[in-house]
Amino acid sequence: QPHVDAKAYNRIGWNLTRGLGYIENRQNAQDPLRDDAIFRVGPGYEFFLSGLYRLFGGEARADPNSYRDKLWVIWIAQAFLRALTIWFVFKIALLLFFYHAQKHRLALAAATMFGFLPDLIIINGFILYETLLLFFGTAAVYFSLKVLSASKSNIQCSQSTLNVGFASLFWALAILPRPSELLPFLVFPVLLIWQKYWRAALVSFLFPILLVGGWSLRNSLLYNQPLFTTTAGAYALWVGNNEHATGGYDRPALLQRARERYHSTELSSVSVNAVKHFVRDRPLKFLELQFKKTIMYASLIRPTGFWPELQHHPAIQWLLIAASAIGTAFLFIFAVTGAFLFWHDRASLRVVFLGFVIAKPLAVIPFYVETRYRYSIYPLLALLAAFPLVAFWHADMARRKTILKIIGGVCLLFLAITTIDAWYSFDAIMARLYEMFF
């Protein structure tokens with residue numbers, strides 16, 4: 001049974017399939033302005049679901065709960081997308097480490113690590129946008145790196161222009177399920193402009209303008225006010241930046257009342273004004289929250305596994321939490337080690353790639369942090385994490401000692417980060433443990 005976001009995505013997907021429009025409640029088909037589908041993150045994943053339902057004969061079904069008949073279709077489609085994402089991770093590794101004698105081992109290690117991350121295996125079985133986002137986002141990074149790795153003479157050729165077009169398309173498709181991908185996308189045209197590839201920079205904006213801009217124009221005309229792809233962003237900004245904010249999705253009474261009182265289009269402007277007042281009146285509190293959310297993003301005590309679907313299966317839930325914690329710790333520690341080695345390796349694409357890596361958390365932290373929101377960076381972290389593993393395996397004794405020292409220093413860094421997070425979130429951690437045990 002889908003819950004919360006999954007339930008909303010499923011309903012919107014079915015309503016699209018039945019020709020009722022982009023609405024969550026079918027009672028609002030004749031008056032879409034009353035509906036709150038615009039408050040859900042989208043519309044990329046909702047259209048993806050609608051396409052699957054329509055392709056496999058869902059248009060005649062009147063009940064959105066009939067998703068059970070099509071759940072296997074979603075699983076297979078998302079498994080296929082996940083396999084393609086693993087392939088793109090492999091291809092990116094070959095681009096990044098083209099100069100390295102062990103580039104194929106690096107690529108295989110990165111793809112394997114990404115493929116077996118517990119968090120992503122589990123999320124693949126839910127009606128949630130992460131699998132689709134990971135595919136589009138990883139494909140976008142691949143084509144972006146392919147363009148930026150070309151020589152100045154080759155970047156003007158038709159093949160390179162085609163790659164820019166693919167990068168533009170995949171960035172647009174990544175922004176539609178999750179608008180926070182807009183910031184990582186901007187890294188691409190900025191670097192093209194920096195290198196004075198004017199035509200390529202213009203082409204890079206083509207599909208974001210057509211697809212993201214087109215959907216935003218539709219929303220703006222429908223609601224008679226300037227709107228982006230969704231109204232969720234402004235409210236999320238308020239959730240993460242208010243007097244009682246914890247850094248996560250915790251809403252004090254004031255925010256809950258505002259959510260009940262206003263339509264999301266009105267709530268959007270209310271939220272922006274509230275955040276402006278908060279930043280003006282409590283600047284130090286605002287800065288502390290950004291620090292706290294940064295710590296939460298990098299903390300090793302934020303495993304996945306607290307899904308409503310697993311609350312009656314404690315053994316499976318504990319197994320998943322343990323696997324998630326171990327997998328996340330391994331990924332983060334070796335990725336940061338890999339970033340240090342990668343930078344000092346003087347790789348030609350290091351600035352470009354690390355620009356994409358840094359942009360991912362910067363797009364999330366100003367709002368609020370949930371474990372799910374870190375998933376989009378996992379393909380890039382897997383690429384970095386493979387580097388020290390393969391380097392250690394093929395290094396001499398002196399080099400191995402250096403790598404071990406770096407790993408030790410990174411472990412101390414994450415120990416400090418996790419300790420700070422535990423101190424900030426002590427009450428929430430105790431409440432969660434009490435809930436699970438009692």
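1. Confidence. The mean pLDDT of the protein is 88. Of its residues, 93% reach 70 or more. Among the elements, helix H6 (residues 130–148) has the highest mean pLDDT, 96. Helix H19 (residues 426–437) has the lowest, 73. Where pLDDT is low, the predicted coordinates should not be read in detail.

2. Second largest pocket: volume and centre. This pocket holds about 560 Å³ of space. Its lining numbers 20 residues. Those nearest the centre are Val336, Val357, Pro361, Ile377 and Leu381.

3. Second largest pocket: elements. H16 supplies the largest share, with 5 residues.

4. The lining divides into 19 nonpolar residues and 1 polar residue. No charged residue takes part in the lining of this pocket.

5. Cavities: count and volume. The model has 4 cavities of 30 Å³ or more. The largest cavity has a volume of about 70 Å³.

6. Largest cavity: lining. Tyr129, Glu130, Leu133, Arg178, Ser180 and Glu181 are among the residues that line the largest cavity. Val364, Arg372, Tyr373, Tyr375 and Ser376 also belong to this lining. For the second largest pocket, by contrast, the lining has no charged residues.

Conventions
Residues numbered from 1 in each chain as written. Predicted model: local features only at pLDDT ≥ 70, side-chain atom pairs only at ≥ 80, totals over all residues. Heavy atoms only, no water. 1 Å grid on protein atoms, 1.4 Å probe; cavity = no way out; pocket = protein on both sides within 12 Å on 5 of 7 lines; lining within 4 Å. Points joined across faces, edges and corners; volume = space filled by probe spheres on them. Helix = DSSP H or I, 4+ residues; strand = E, 2+ residues; numbered from the N terminus. Nonpolar A, V, L, I, M, F, W, Y, C, P; charged D, E, K, R; others polar. pLDDT = per-residue confidence, 0-100.
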